[in-house]
Amino acid sequence: KLRSPRGGLRLDPNSPREVIGYSALSLDASLQGDRLSLALATQLPEDGRIVGRLSMGLSSSSALSGEVTMDIHRIEWLELLSVDLANPKGQIDGHVLIGGTVGAPTLGGSAKISQFTGELPALGVKLTEGSFGLEGDAAGSLRITGQLRSGAGVLRADGTLTPRNAENSLQLTLRGDNITAADTPNFDAVI
């Protein structure tokens with residue numbers, strides 16, 4: 001059992017701004033024979049939360065079963081995933097189902113980022129009106145849909161993510177017109 005009343009991560013130790021923060025973290029793990037069970041619950045800023053459970057065996061052919069419910073109202077931590085993205089705002093809601101086996105996991109359920117805004121400062125680009133969704137199907141694939149405004153244009157995304165297909169796990173089509181790709185004193189690009 002792991003318990004933590006409060007914690008967070010700051011990129012600069014002198015900054016009061018936490019990129020990731022939580023309270024009332026609870027992580028329980030249990031190993032019985034060849035079965036591992038995990039349970040996670042935590043509160044996030046602005047009344048957000050993450051609750052999840054996972055049960056699995058220790059071999060690659062063992063069954064995998066779990067779910068994660070998330071209600072995330074602050075997404076500044078997305079900056080950690082990209083050196084180019086700054087000031088991301090929005091929220092993530094979802095209920096993700098985990099199945100299959102340890103060696104061939106499947107994902108189901110749904111998750112959505114809504115009210116997304118952010119900046120790509122090096123390119124002088126402001127991103128607004130973003131929404132992206134993942135919707136799982138019975139075969140373990142995820143359908144990806146979304147859109148994002150940059151300048152006068154809207155970039156639309158449509159595709160699939162199939163985690164068990166290593167060669168073509170992601171197939172994504174991007175479409176749009178008049179999308180600002182760069183707007184700096186030295187370089188302007190509209191696609």
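Okay, which residue in E6 does Glu 67 stand opposite? Leu 97. Before I go on, a word on the model.

This is a predicted model, so I kept to local features with pLDDT of at least 70 and side-chain atom pairs at pLDDT 80 or more, while totals for chains, interfaces and linings use all residues. Numbering starts from 1 along each chain as its sequence is written, and side-chain values use heavy atoms, with hydrogens and water left out.

The overall picture, then. The chain has 0 helices and 13 strands; helices here are DSSP runs of H or I with at least four residues, strands are E runs of at least two, and they're numbered from the N terminus. The C-alpha trace spans about 65 × 45 × 25 Å along its principal axes. Of the 191 residues, 30% are buried, meaning under 20% relative accessible area, where over 50% is exposed and in between is partly exposed, using a 1.4 Å probe and protein chains only.

Back to the pairing. E5 and E6 run antiparallel and are joined by 7 bridges; two strands pair if DSSP finds at least two bridges between them. E6 also runs antiparallel to E7, with 12 bridges, and those two form a hairpin with 4 residues between them. In that pair, Gly 99 has Thr 106 of E7 as its bridge partner.

Now Ser 62, in the loop between strand E4 (48–57) and E5. Why does Ser 62 count as buried? Because its relative accessibility is 12%. Its side chain makes a polar contact with the side chain of Ser 59 at 2.9 Å. That term means a pair of N or O atoms within 3.5 Å; within protein, one must be able to donate a hydrogen and the other to accept it, and residues adjacent in sequence count only if both atoms are side-chain atoms. Beyond its neighbours within four places in sequence, Ser 62 is in contact (heavy atoms within 4.5 Å) with Arg 35, Gly 57, Gly 100, Thr 101 and Val 102.

Last stop, the core. The largest nonpolar core has 13 residues, and Phe 116 and Leu 127 are among those with the most contacts inside it. Such a core is a set of buried Ala, Val, Leu, Ile, Met, Phe, Trp, Tyr and Cys residues joined through side-chain atoms within 4.5 Å. Leaving out residues up to four places away in sequence, Leu 127 touches several residues, including Phe 116, Leu 120 and Leu 148.
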